[in-house]
Amino acid sequence: MSSLVVQSGQRLRAGLVAEPAGFWALVVVVLYAAVAGGVWLGWWGGDWSALAGPGWAGPSADHWLGTNRLGQDILARALAATATAFEIGVLVALTTTAIGGLAGGLAGYSSPGWADEIVLWLMGTLDAIPFYLLVAALAFALHGHAWAMHLAMIATFWTTTARLVRAETQRIRRLPFIEAARVAGLRPRSIIVRHILPNTAHILLVQTTLVFIAAIKVEVVLSFLGIGTQDSISWGVMIAEGSQDILAGQYGNFVVASLFLFGLVMAFSLLADQLQDSLDPRTRDSRWQPHG
Amino acid sequence: MFIRQTRALICLLLLLAVACGSGPDEEAVYRHAIDGLPGSLDPAHAGDVYSSTLVVNIFDTLYRYRYLARPYELAPNLAADFPDVSEDGRVVTIRLGEARFADDPAFADGRGRPVTASDVVYSLRRHFDPATRSQGAWLWRDRIVGLDAWGLAGADPQADVAGLQALDDRTVRIELTRPYPQLVNTLAMALSAIVPPEAVAQYGREFSVRPVGSGPFRLLSLDESRAVLAPNPHFDRGTLDLAAEGFDPARHGHYGLEALDGRRYPFLDRLEVHFIAEPASRWNSFFSGRDVDNVMLPPDQAVRVLESTRPLSFRPGIERDFHTHVGQETGLVFYGFNMANPRIGYHEDPERDRANRALRCALRDAFDWDARNRVFYQGLGEVFPGVLPPFLTEHEPALATDSIEHDPAQGRRRLADHGWSTEALPELAYGFESSVERRQMFEQFRAQLGAIGYPPDKVRSAGFASFGEYHRAIINDQIDVFLIGWTLAYPDAQYVLQLFFGPNAAPGANLFNYANADFDAIFGRAESLPPGPERTELYRELNRLVIDDCVIIGSLTRTRLHLWQPRVRMLPDREVLGGFFLRFVGVQEPPA
């Protein structure tokens with residue numbers, strides 16, 4: 001398994017060197033992560049809600065990107081919103097990957113069987129509910145709790161990961177090394193965790209990045225609609241404010257939040273493509289053989 | 001044969017041309033934009049301004065307000081004159097003028113019948129029938145002898161109500177449980193409009209979209225974007241007497257109203273009321289000149305039309321191209337505290353009770369009304385102490401303004417004097433109906449509290465998807481401080497002071513759960529008095545009590561900016577007047 005990780009790392013590194021777009025995307029993502037880290041450490045962005053200056057002030061030494069209608073610093077808000085985006089993106093991506101991976105692995109390995117039936121039914125049911133309706137229902141049921149949006153995303157996003165892992169597992173489990181593990185007397189749980197899931201790592205990694213992007217975009221949309229973040233700042237909130245500001249001829253809030261969002265989503269999308277190209281055996285190497 | 005056919009064809013084409021020429025283009029059409037959709041056209045449910053705008057034009061009310069007179073003055077509408085009131089103020093007798101319902105299949109021969117006193121009695125009684133689910137019963141609850149009991153006993157249509165009777169076809173007698181000088185005001189509200197029992201019975205719930213009344217217009221069509229109305233041919237209130245309506249050449253001379261003087265109204269062949277909630281769409285619809293004929297601009301769009309705010313002046317191009325009018329709303333916005341919450345309101349321990357009052361007053365000191373006015377109302381609002389807005393005659397211009405001044409030093413002193421430390425300050429739940437603007441107001445409020453040392457993490461936001469949810473949360477004590485907008489349906493301070501009357505505590509109108517025995521005693525005395533200096537002084541005393549007890553942070557009254565196309569002769573008003581002015585709207589005839 002360790003050799004698999006090392007090989008994957010080598011392939012990724014080689015891919016990033018060969019493809020500058022992927023490399024620069026990684027640089028941008030690291031930059032955003034550093035911004036989020038700075039906010040968490042209290043280095044910047046902590047005064048995003050302070051009335052720091054006159055309303056709708058232009059860029060100046062005090063306010064590099066100007067202020068919004070209330071006189072809040074737009075840069076401080078954009079930086080703090082980066083941390084919000086990362087919090088949501090990381091939490092939702094990791095949770096859905098874990099749930100989707102395990103559920104997909106279990107379903108794929110036991111297919112056909114009752115565990116597969118249950119997971120399929122659950123995925124079908126959740127996918128049948130319109131996403132924004134589910135968020136609204138959860139927000140109502142949880143009395144507008146701050147975690148309603150996170151729960152709704154986790155509840156729906158894991159199904160795509162699970163479907164992909166399930167299909168891959170169904171393919172892998174017929175391969176000789178799995179048969180060998182079974183004959184050797186390994187229990188199904190061990191086979192799934194030690195032999196099957198590591199061979200779906202490329203799917204899980206790419207899915208994590210895709211869910212990360214999707215979570216950020218959905219958070220922005222939900223915050224724009226007023227059912228997203230409650231007591232914190234988000235690019236969605238800034239864009240919603242900006243849409244009102246535009247009527248008064250003020251574009252700062254809208255442009256800054258949109259650029260921050262665009263930058264991160266674009267960088268992560270390029271990075272996801274690079275990961276896909278480097279790690280997916282079907283796109284990387286037609287002679288690919290799984291590692292047992 | 002051929003020649004005859006050709007002649008016939010030419011005649012037909014000529015006829016068609018003439019018919020087309022006298023079509024919609026030559027009709028007197030006015031397209032009125034409002035910023036919301038009416039909830040119902042049934043008067044019993046016309047509790048919002050959008051419903052009222054249509055209801056007072058389709059139905060008749062007994063009274064209305066004079067078109068141009070300010071302060072607002074009542075005038076008879078369906079009533080022949082003002083009511084006769086007994087010496088003790090408890091018996092009110094109203095004589096009706098002549099009116100006839102619009103033609104409708106609900107009537108025996110499809111022809112509208114005359115409106116009678118029985119219709120008035122039916123329309124008011126209907127509010128107390130539980131099946132009606134009236135939004136207006138509160139106006140007359142505990143006011144008319146026997147009416148509440150009649151509703152509670154099952155609302156038997158055959159049973160009499162002692163205090164509400166038709167003496168003959170033209171006379172209504174109302175016996176009150178106690179003097180109610182505001183009764184006539186309530187009879188000018190859309191909620192009191194007169195409905196025909198036949199139509200209510202025939203259409204049932206559909207009556208809310210198939211209204212039948214005796215007002216100046218009848219409904220032709222209604223959908224989610226507009227209502228189309230045509231004149232009710234049976235409506236006849238004579239001619240427009242501009243002088244009687246309060247016309248002042250200095251104030252109204254440039255609106256072209258004189259051309260309508262002495263003419264029979266309504267003046268329109270077709271009235272369209274467009275429902276456009278989105279401000280930008282409303283503006284574009286108006287400014288294009290092709291759609292609606294008027295617009296009322298929200299303050300944050302004032303920048304489009306104003307040259308300056310102090311003194312207020314429109315841009316030259318706007319003045320040149322449109323009619324303009326600046327008015328003040330007949331309402332106010334203010335923050336209220338939940339006095340039932342022992343953390344900031346009443347407390348059984350007298351010392352803590354005093355400390356809580358100091359805390360509320362300190363929050364009031366921290367709040368900056370000038371900033372609120374500047375940021376959200378373009379500086380166009382008027383900030384005043386208490387809850388009696390400037391349009392009321394009871395408004396006290398000389399009242400001390402310390403309750404609306406941003407004085408964080410004073411707030412910090414109050415907190416220190418009563419032993420409030422940062423750790424001891426309670427967590428506050430700030431409620432709002434979710435929207436960008438309301439969220440920004442919360443952020444401004446929270447940041448301003450920082451000036452008295454209130455930690456931001458102790459001011460928690462609670463956003464609600466709809467006004468209904470927000471209102472329920474206030475009633476259920478889930479919120480400690482909340483923003484309230486209150487529009488007075490009639491120009492009497494009683495309408496706003498009732499918000500603080502103890503017996504009206506939540507779920508009633510007193511959302512603050514304010515309970516002050518002195519206030520209740522004075523309010524009880526004042527509301528039974530006719531207008532006059534004695535009542536004015538009592539109202540002002542009540543206002544001062546509300547200020548002294550720091551029940552509210554307030555208030556501000558907003559400025560309305562109206563623009564309309566120069567071809568339209570009118571003076572719009574959506575305040576107390578509601579939609580009454582639409583019957584007096586005229587349009588210039590197109591050039592021959």
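What percentage of the 292 residues in chain A is buried? Buried residues make up 49% of them, where buried means under 20% relative accessible area, exposed over 50%, and partly exposed in between (1.4 Å probe, protein chains only).

1. Basis. This is a predicted model, in which local features need pLDDT of at least 70 and side-chain atom pairs count only at pLDDT 80 or more, while totals for chains, interfaces and linings use all residues. Residues are numbered from 1 along each chain as its sequence is written, chains are lettered from A and ligands numbered from 1 in the order in which they are written, and side-chain values use heavy atoms, with hydrogens and water left out.

2. Chain A, overall. The secondary structure of chain A comes to 12 helices and 0 strands; helices (H or I, at least four residues) and strands (E, at least two) are DSSP runs, numbered from the N terminus. The C-alpha trace of chain A spans about 75 × 45 × 30 Å along its principal axes.

3. Chain A, selected leucines. Leu120(A) lies in helix H4 (residues 114-128) of chain A and is partly exposed, with a relative accessible area of 28%. Leu120(A) and Ile99(A) are separated by 21 residues in sequence and by 14 Å in space, C-alpha to C-alpha. Leu151(A), found in helix H6 (residues 148-172) of chain A, is partly exposed at 43% relative accessible area. Leu151(A) belongs to a nonpolar surface patch with Leu91(A), Leu142(A) and Trp147(A), and together they have about 340 Å² of accessible area. Patches are made of residues with over 30% relative accessible area and no salt bridge; like charges are joined within 9 Å, nonpolar side chains (Val, Leu, Ile, Met, Phe, Trp, Tyr) within 5 Å. Accessible areas come from the Shrake-Rupley method with a 1.4 Å probe, and for residues only the protein chains shown count as cover.

4. Four-stranded sheet, chain B. An open sheet of 4 strands has the order E1-E10-E9-E8 with mixed pairing; two strands pair if DSSP finds at least two bridges between them. Strand E1 (29-34) and strand E8 (217-222) of chain B are the edge strands, each pairing on one side only. The twist averages 25° from one strand to the next, with axes being lines fitted to C-alpha atoms (for helices over the stretch in contact) and angles running from 0 to 180 degrees between N-to-C directions. E1(B) runs parallel to strand E10 (residues 270-275) of chain B, joined by 6 bridges, and Arg31(B) stands opposite Glu272(B) in E10(B).

5. Strand E5, chain B. Strand E5 (residues 91-95) has a covered face, Val92(B) and Ile94(B), and an uncovered one, Val91(B), Thr93(B) and Arg95(B). Strand E4 (residues 84-85) of chain B is antiparallel to E5(B), with 2 bridges, and Val85(B) stands opposite Val92(B). E4(B) and E5(B) form a hairpin with 5 residues between them, and Gly89(B) in the turn has a positive phi of about 75°. Another 5 bridges join E5(B) to strand E7 (residues 171-175) of chain B, again antiparallel; here Arg95(B) stands opposite Thr171(B).

6. Disulfide. The structure holds 1 disulfide over all chains, a disulfide being a pair of cysteine sulfur atoms within 2.5 Å. The sulfur atoms of Cys361(B) and Cys550(B) are 1.9 Å apart. The torsion about their S-S bond is about 100°, so the disulfide is right-handed. Cys361(B) lies in helix H10 (residues 350-366) of chain B and Cys550(B) in the loop between helix H17 (533-548) and strand E20 (552-557), so the pair ties together parts that are 189 residues apart in sequence. Both cysteines, Cys361(B) and Cys550(B), are buried.

7. Salt bridges. There are 40 salt bridges over all chains, each a side-chain nitrogen of Lys or Arg within 4 Å of a carboxyl oxygen of Asp or Glu. Arg113(B) and Glu198(B) meet at 2.5 Å, N to O, and link parts of the chain 85 residues apart. The salt bridge of Arg178(B) and Glu527(B) has an N to O distance of 3.6 Å and links parts 349 residues apart. Arg178(B) counts as partly exposed at 31% relative accessibility, whereas Glu527(B) counts as buried at 4%. Asp293(B) and Arg567(B) meet at 2.9 Å, N to O, and are 274 residues apart. Salt bridges that share partners also join Arg77(A), Glu241(A), Arg439(B) and Glu443(B) into one network.
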